[in-house]
There are 2 protein chains.
Amino acid sequence: MEIAIPLYDRFTALDAIGPYEVLGRLPGAQVRFIAHEAGPVTTDTRMLTLVAEARLEDVAAPDVLLVPGGGGARALLEDERMLAWIRGAHETSTWTTSVCTGSLLLAAAGVLDGLEATTHWAARDQLESLGARPAARRVVRQDKVVTAAGVSAGIDMALTLAGLIAGEDLARAIQLGIEYDPQPPFGAGSPEGAGPDLVALVRQGIDAAERERA
Amino acid sequence: MEIAIPLYDRFTALDAIGPYEVLGRLPGAQVRFIAHEAGPVTTDTRMLTLVAEARLEDVAAPDVLLVPGGGGARALLEDERMLAWIRGAHETSTWTTSVCTGSLLLAAAGVLDGLEATTHWAARDQLESLGARPAARRVVRQDKVVTAAGVSAGIDMALTLAGLIAGEDLARAIQLGIEYDPQPPFGAGSPEGAGPDLVALVRQGIDAAERERA
């Protein structure tokens, strides 16, 4: 089973690595990190570089595509090469998935037209403007399209997907293997839990980062 | 604030990337991925390569050291260069931390002598044989030494650490930024939740992987 994860400049590492750590443990899984060109790809923080082993077109028909999000996603909303790759891979995929603002790229490619989907909480309006119906849920499945909310939600999505692909027993074994028994020390992981003041503060930070890049 | 994450052949990606995604968002934080030699380092699945930007000795006195675990940790238990780096960094660090079997390396370096510490649930006996007092908790703090349980526990540990370093308000903002509101689809993330049959199965898998590498 081939699982393609397209990387791009300023993607968010955990969006990709959370699901990789789950799906890579499925029997027979081969995770392929790909990009516009094979070679180093740097994350949104500029502090980390991952290596894409191949070009997008080298993995044209994966069983699973998983598009991560990150500050760089918006720069690709009109990147015909990435969008064409997504469209092509989606045509023959068994599962088409995204994490965080990766769903904006699925939407821009036309994959989410009229479908319910999720994204980072701060990007729901933009997801709607791209033709999807945003849902404030952590994992949203519409037939073979599965989207996850922000960053860390990719782990929950991947475990759900592992259960769908290989059965619940195997998904539970993977969960135990990565000891995923989360115990966050604070309860601020959702806009509802964080409250309006913190939401406004974090949204300001995200907007400032966007402006800085623009 | 300099945060050093030493990588090595066959480390587990999420052990490093979970905490990086949290701690890298602290104001003024600089996460440095280092290794025996600068350059590509491949993870335990052999499907992913990260780039170490510098050699261990190039980041000799970080404010925070964070040692990830993985199948390759055991091969370094007598690696004097890694152990000397850990000992040296620990001497002047503000925080000395580990995720998963990264605590075996802290213990082998002498950092955990007589201290309570945690590790992957399947490695508690080995942690004890290296001189620490294993605790079946997700995050264990002993003064400036903070250890996390298996793989995904690094996210909880890093949020705890972010609160200690920069205050709870900022840690909560980071939690909201990465939308860490975990909702695992299954309850098998701990040995207690998974039950003895699944524990035996996953332990067999881990042991088989160890033998294969030996």
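Through which surface do the copies, chain A and chain B, meet? They meet through the same surface, because 100% of the interface residues of chain B are also interface residues in chain A. Please keep in mind throughout these views that the model is predicted.

**View 1. Chain B can be superposed on chain A by a rotation of 180°.** The shift along the axis is 0.0 Å, and the RMSD of the superposition is 0.0 Å. That is the relation of a two-fold axis. To find the axis in chain B, look for Leu50(B): of the residues of that chain, Leu50(B) comes closest to the rotation axis, with its C-alpha at 2.2 Å.

**View 2. Asp156(A) reaches across to chain B.** Start in helix α5 of chain A, which covers residues 153–166 and holds Asp156(A). The side chain of Asp156(A) comes to 2.9 Å from the backbone nitrogen of Gln183(B). Is Asp156(A) buried or exposed? With a relative accessible area of 0%, Asp156(A) is buried. Leaving aside neighbours within four places in sequence, its contacts in chain A are Arg138(A), Val139(A) and Tyr180(A). From chain B, Pro182(B), Gln183(B), Pro184(B) and Pro185(B) are in contact with Asp156(A) as well.

**View 3. Arg32(A) and Glu53(A) form a salt bridge.** Their closest N and O atoms are 2.9 Å apart. This pair links distant parts of the chain, 21 residues apart: Arg32(A) sits in strand β2 (residues 30–35), and Glu53(A) in the loop between β4 (49–52) and β5 (54–55). Across all chains, the structure holds 23 salt bridges.

**View 4. Glu37(A), Arg55(A), Glu57(A) and Arg81(A) are linked in a network of salt bridges.** Let us take the network pair by pair. Glu37(A) bridges to Arg55(A), with the closest N and O atoms 3.3 Å apart. Glu37(A) lies in the loop between β2 and β3 (39–42) and Arg55(A) in strand β5, so this pair ties together parts 18 residues apart in sequence. Glu37(A) is partly exposed at 45% relative accessibility, and Arg55(A) is partly exposed at 33%.

Glu57(A) forms a salt bridge with Arg81(A), and here the closest N and O atoms are 2.8 Å apart. Because Glu57(A) lies in the loop between β5 and β6 (64–67) and Arg81(A) in helix α2 (residues 80–92), the pair ties together parts 24 residues apart in sequence. Glu57(A) counts as partly exposed at 37%, and Arg81(A) is partly exposed at 26%.

Notes:
Residues numbered from 1 in each chain as written. Chains lettered and ligands numbered in written order. Predicted model: local features only at pLDDT ≥ 70, side-chain atom pairs only at ≥ 80, totals over all residues. Heavy atoms only, no water. Helix = DSSP H or I, 4+ residues; strand = E, 2+ residues; numbered from the N terminus. Buried < 20%, exposed > 50% of the residue type's maximum accessible area, 1.4 Å probe, protein only. Polar contact = N/O pair within 3.5 Å; in protein donor to acceptor, adjacent residues only side chain to side chain. Contact = heavy atoms within 4.5 Å. Least-squares fit on C-alpha atoms with pLDDT ≥ 70 in both. Salt bridge = Lys/Arg side-chain N within 4 Å of Asp/Glu carboxyl O.
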